[in-house]
Amino acid sequence: MTSATFHGPSNSTTSNGIVAQLAGTLIPLKTTLETSKDVKLLNVFITAVPLKKASGTLSLIRQLIPRDGGYDLQHLRRFAKPDLIPSAIRNSYFASSAESSDTELIFLIVAVASIIPKDILLDSLQKDRVEGPVVLVEGQIPFNAPTSAEQAKAWTNEYWPTVYKKSNPFGPHPAIVARAQAEIEGNAGKWLSLAWTVAAEAKTARTGEGVGVVIVERSEQGERCLAVAGDARWDNWPRDCGGNGNVTAHAAMRAIAMVTAKLPNAIPVTETDIFRSQPLFSLETDVEEPVNKDGYLCHELEIYCTHEPCVMCAMAIVHSRFGKIVFEKRMDEGGITADLNDKNDGLGHGLWWRRELNWTMLGWEFRRKGDGNDGNECRLPWDVDNGLNA
Amino acid sequence: MSEDEKQTHLTYMREALAMAELALQTSETPVGCIIQHPTHGTIGRGMNATNRTRNGTMHAEFIAINQILAPPSQYTPDILKECTLYVTVEPCIMCASLLRQFGIKKVFFGASNEKFGGTGGVLDVHLGNGRGIGGKEGDYEVSGGWLREEAIVMLRRFYVQENERAPEPRKKAERVLKLEVEPLGELSGNGVD
Ligand SMILES: [Zn+2]
Ligand SMILES: [Zn+2]
C-alpha cells in the first residue's frame, strides 16, 4: 500500500452522518461474456482405445488433423479414464462396442466433428486397429476455457473433463485483478465516503440528486484526489418542464470535465455552457494537482461512484480511458454491470469490459460491511430511486 | 416516404456534413450534427470537440445541445422532445443515452458506428435503453444510411490527415486516400430508400 495521505479513524463521522472511511469489501465485476448463460459447445468425436495404444492413436490423429484443425482444446483433458467422463458418453460407447471388459481402456477426444467426415475418420483409425471395429461416439465439449474452478467442475460433470488454468478469456486475468484490488482496497472506503459526502451536499442544496463521484490518480507518490463532484442536474435548471434535468451534469460527467479542463491546452466549448464543470461546493474545490502533468483524457485514473453510472456516464468513463471503477449502489439503468441485479432488473450491458469498445478497465462493486442480502439498501445514507439514471 | 420528404432529410444531412467538414479543418474527428425543430428550424449545430477540449465526452451531440440550452437561451430543455437530430455518424452509446434522457424525438444518421454505436451498432439504447424491447418512455425512432458515403469519406480524409501530421508518418501505401466505399452492408441496411 502506497498511500501517503489520510488515515482517518474508521469510525469518525462527518457533519452529514457519513463515516469517513467505509468498511466493506470489493467484489470484482463480471463481464458480459462471463455472465452469459449460454456455454458455446462444439460437437466432437470421441472413442476409447486400450491404454497401451493411447499415444500411438494420438500421433495418428495429429497426422490426420494437424493442430486439431485450429481448435484450441487446451482447457480439456485429451484422455480420460472411463469413470471420469459423463456416463452418457460412456454408455453410448459401450452400447456399440464389442470390447472385452478386461481390456483397460482410455477415452479420448478424436476430433472436432465439423472438420472431418466421420467415415474418413473411421477408415483411418481402423487401419491402426488390430481387432474389432472402431466405435466413434459424438459428444459435446465447451468451446472456451472455463473462468472458474467451479465452472470447470460443472463442465467436467456435464460434458468432458475440463481444467481451470486461472486464465480468463472473457475478462481481465485474475492475477491482474487481484494485484489491482490489493492496491485500492486500503482507501476505496475513504474515496467512496468522500463521494457520498459530496452527494449529500448536492442533495441538501437541491442542486442535484444524491449521487457523487471522486476521481483519483495513483502514482509512486501515493493517491491524489483530482476531482470531487456531486450530481448537478437541477442546478439552475427548470424542474417544471417534466424532464430528467441537465443530463450533461451527472456527477461522473462533471468530474471528467473538471479533470480534463485542467489538461494542457484545454479550451472550453463556449464561454457559458451547461456542463457544470465549475465547483459548486467547497468540497469540490478541495482537490490536488495531478502528478502526471501532461495526462491524456482520464487515462488510467480511478473513479469512485456512490451509484452505478447510467449508460451515458458509463460510456463516458470508457471514452475517457479510466483504469479502474468502483461503485456502491447498483442501479436498474446502470451501464457498468453485466450481470443482473438482485431484482433481475438491470440492463446487463457490462460496459466496463467489452472488447469491441476498444477500451477495457478493471471494476468492483463495493459491499458495505455488515450488509446481508437484506440489509444492503437501508444502510446507505439515503435511498435514491432505483430507476434513476445516475 | 415521399420524394419531397426524402430531399428535406438530405438537405438537413448536408448541413450536418458541413459541420463535420468544419471539424476536419480544425483537426477534430469529422462528425457533425444539427438539431432541427419543426417550426424554429435548425436550432443547434455541433461538431466533435474532444481534441480542443481534451475531454473525450465532447461529442457533436453534446455541443449541439449545449448550443441550444446554454444561457442566455430562448428555449427550455423540453424543446428537445420536439426535435430531430441529423448526425453524420451513428450516435455512440454515450450520446444515444444522452439523447434518450433529453427525450429527442427522432434521429437520422449517415454511417453506422460498429465500434461504439448506441442505436444499432453495438447496443440499441433507443429501444428500452438497450433492453431489446421497445415501447418504453424515452424510446426514439432511428433511421440510418443518409449520405453514408460522404460521412465515411470524411472520416478517411481525417485519418490520412492525422497520419501525415504524426512525427513518423506511416508507410506511403497506408496514406493513400481510399475514396471508394463498400456497398451498404446488411448490418446498416436501413438505408435511404
Ligand atoms: Zn449518468
Ligand atoms: Zn458520442
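Colleague: Which residue of chain A forms a salt bridge with Arg131(B)?

Modeller: This is a predicted model, in which local features need pLDDT of at least 70, side-chain atom pairs count only at pLDDT 80 or more, and totals for chains, interfaces and linings use all residues. Residues are numbered from 1 along each chain as its sequence is written, chains are lettered from A and ligands numbered from 1 in the order in which they are written, and side-chain values use heavy atoms, leaving out hydrogens and water. A salt bridge requires a side-chain nitrogen of Lys or Arg within 4 Å of a carboxyl oxygen of Asp or Glu. The closest N and O atoms are 3.0 Å apart, and the partner of Arg131(B) is Glu333(A).

Colleague: How many residue pairs are in polar contact across the interface of chain A and chain B?

Modeller: A polar contact is a pair of N or O atoms within 3.5 Å; within protein, one must be able to donate a hydrogen and the other to accept it, and residues adjacent in sequence count only if both atoms are side-chain atoms. With both residues at pLDDT 80 or more, the number of such pairs across the interface is 12.

Colleague: Which helix supplies the largest share of the side of chain A that touches chain B?

Modeller: Helices are DSSP runs of H or I with at least four residues, strands are E runs of at least two, and both are numbered from the N terminus. In chain A, α8 (251–261) and α10 (311–319) each supply at least two residues of this side. The largest share, five residues, comes from α10(A).

Colleague: What area is buried between chain A and chain B?

Modeller: Contact, meaning heavy atoms within 4.5 Å, takes 47 residues from chain A and 34 residues from chain B. Buried area is the accessible area (1.4 Å probe) that two parts lose on being put together, summed over both. Carbon and sulfur atoms give 63% of the total, which is about 3,300 Å².

Colleague: Is Asp235(A) buried or exposed?

Modeller: Asp235(A) lies in the loop between β7 (222–230) and α8 of chain A, and its side chain makes a polar contact with that of Arg276(A) (2.9 Å). Buried means under 20% relative accessible area, exposed over 50%, and partly exposed in between (1.4 Å probe, protein chains only). Because its relative accessibility is 12%, Asp235(A) counts as buried.

Colleague: What share of the residues in chain B is buried?

Modeller: The secondary structure of chain B comes to six helices and five strands. Of its 193 residues, the buried share is 54%.
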